[in-house]
Amino acid sequence: MKDNCKNKKNFLIFFTTGIILAVLYCLFVIPATNKPDAHKVQPDFSPEHLTPVLSWILPAMLIIAVCMILSKGAGRRAGKMMAFGKSSAKVYVKAQTGKTFGDVAGQDEAKEALEEIVDFLHDPEKYAVIGASLPKGALLVGPPGTGKTLLAQAVAGEADVPFFSISGSEFVEMFVGVGAAKVRDLFRQASEKAPCIVFIDEIDAIGKKREGHTGSSDEREQTLNQLLTEMDGFDGKKGVVILAATNRPESLDPALLRPGRFDRRIPAELPDMAGRKAILAVHAKKVKTEPDIDFDAVARATAGASGAELANIVNEAALRAVRSGRNTVTQADLEESVEVVIAGYQRKNAVISPTERKIIACHEIGHALVAAIQKDSAPVHKITIIPRTSGALGYTMQIDEGEKFLMTKEEALARITVLTGGRAAEELVFGTCTSGASNDIEKATQIARAMVTRFGMSEKFGMTALEITNDRYLGGNSSLICSPDTAYEIDIETRNIINQCYENAADILRQNMDKLRRLTDYLLEKETLSGIEFMSIIAEK
Ligand code: ADP
Ligand code: MG
Ligand code: ZN
């Protein structure tokens, strides 16, 4: 707003000066030069001898005026640029984040490491006596949504010291040198306020590996260099601790990670079962729940979910409770919202023809039967043919009994076999196949390929790494590290694994055709089967 006013003022000055000069020019110069004979229009107060002077003085004045105005504008712009250089780090104190370690569930190792930092800031003497100095920087790494930002906020809430929080992207500027100036300013402020904590979220925005070529990356490199310099520059004993968070640690410049800078790495991994249960409980405290909620069951059904997803599940459950006019969240709400997060909302009004419904039911029972009959498969938890907004027309949910950290070769093969079971059932019953298996095919290929290239589970290649994962925390896109010939053989090997699994699935189903038909009819009638119902029907003779 202020700038706008200034602009207007400048424009007015410029405009009026221009008009005055133009009028003077018309009055004196034009008549004098163009119409020397037209004496009658020449004003009396304009003596002849003035005209040559005016004819060059006026344009000169005009030019000077324009220059002055322009330089004034430039000065203002430069001033603004200096202000750019001031970092926009916000100083957070306890009351503002309002988060404590109590808000962070699970993540015990990360909390322990951070608690040490908080303790150091509270009582540096204890460390000084023995001569220990704390790491200057700690880097929180982990997949998105595992609570890295939350952990940093908790540190801010726990440590009664100023907390500077800034996001890496705030350093990214258009002009070379501005980002670096921001870094300098941030660290100047921080050292004035020491002991204090500086938190740089998503540090990969400025900390990316430097590359050989120059050009567009100049600004980023300067900013990074400044950060490196600043981190070297201050004394660790003074009590400025730098925290940073990223989900792409591989992309960070090695210079950032060397001892003396971010020398401590604090992993925030996806929560295990106990962690998931604790996170659910923390978030469930914020909503009204029935007293008999079984968080264990929900935690078991959400293997691989991040803290943020679990928080979302609780919130979805609360929304569902409101939608159905209740004022407490029930177990059913939570279980349904798990499915909402996995597969989207139910599409109650979707119209699916009877033939297609039959195919879908047969496909799902195919998965479930293979899972139930073969060894090494997780138990079937639920089968449904209610379509979801994710595009799934039905699905079979399997839930492992306990927490799994490893996958045996047999389990990997069993998973592929279950995935091929849907298509196999379609072919056996209807003699044709549909596009409904596309998602299964994708998943099966992923597992089979990983078995060959990363898990060393194929006879042909044994324990050779053929693929490396680039962004481990971001879904792990990977690149092949082998010759084209090997790549070709990998494809063949992958195909062989899947084909073998498909044959196994088809065999299992062929031997249980009556069950397949009976269960398909039952599912068509019921739409949703629980694992218990399903198993009791299989057990019937
Ligand atoms: P990240 O920075 O790792 O991507 P955030 O810290 O922003 O993730 O987490 C997002 C949200 O997820 C948090 O605000 C919180 O509600 C929830 N959350 C994540 N991890 C946890 C946890 N361990 N305990 C409690 N809540 C969590
Ligand atoms: Mg974050
Ligand atoms: Zn399927």
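The model is predicted, so local features need pLDDT of at least 70 and side-chain atom pairs pLDDT 80 or more, while totals for chains, interfaces and linings use all residues. Residues are numbered from 1 along each chain as written, chains are lettered from A and ligands numbered from 1 in written order, and side-chain values use heavy atoms, without hydrogens and water.

**Protein chain**
- The chain holds 20 helices and 11 strands, taken as DSSP runs (helices H or I, at least four residues; strands E, at least two) numbered from the N terminus.
- Of its 541 residues, 43% are buried, that is, under 20% relative accessible area with a 1.4 Å probe, protein chains only.

**Shell around ligand 1**
- Ligand 1 is surrounded by 16 residues (a heavy atom within 4 Å), and Ala 105, Gly 145, Lys 148, Thr 149 and His 283 are the closest.
- Helices α6 (148-158), α11 (273-284) and α13 (307-323) each supply at least two residues of this shell.
- Ligand 1 lies between domain 2 (90-209 + 219-267) and domain 3 (273-342), because both give residues to its shell; the bounds come from an automatic or database domain assignment.

- A nitrogen atom of ligand 1 is 2.7 Å from a backbone N or O atom of Ala 105.
- Oxygen atoms of ligand 1 lie 3.2 Å from a polar backbone atom of Thr 146 and 2.7 Å from a polar side-chain atom of Thr 149.
- The protein buries 79% of the 560 Å² that ligand 1 exposes when taken alone (Shrake-Rupley method, 1.4 Å probe).

Conventions: Buried means under 20% relative accessible area, exposed over 50%, partly exposed in between (1.4 Å probe, protein chains only). A polar contact is a pair of N or O atoms within 3.5 Å; within protein, one must be able to donate a hydrogen and the other to accept it, and residues adjacent in sequence count only if both atoms are side-chain atoms.
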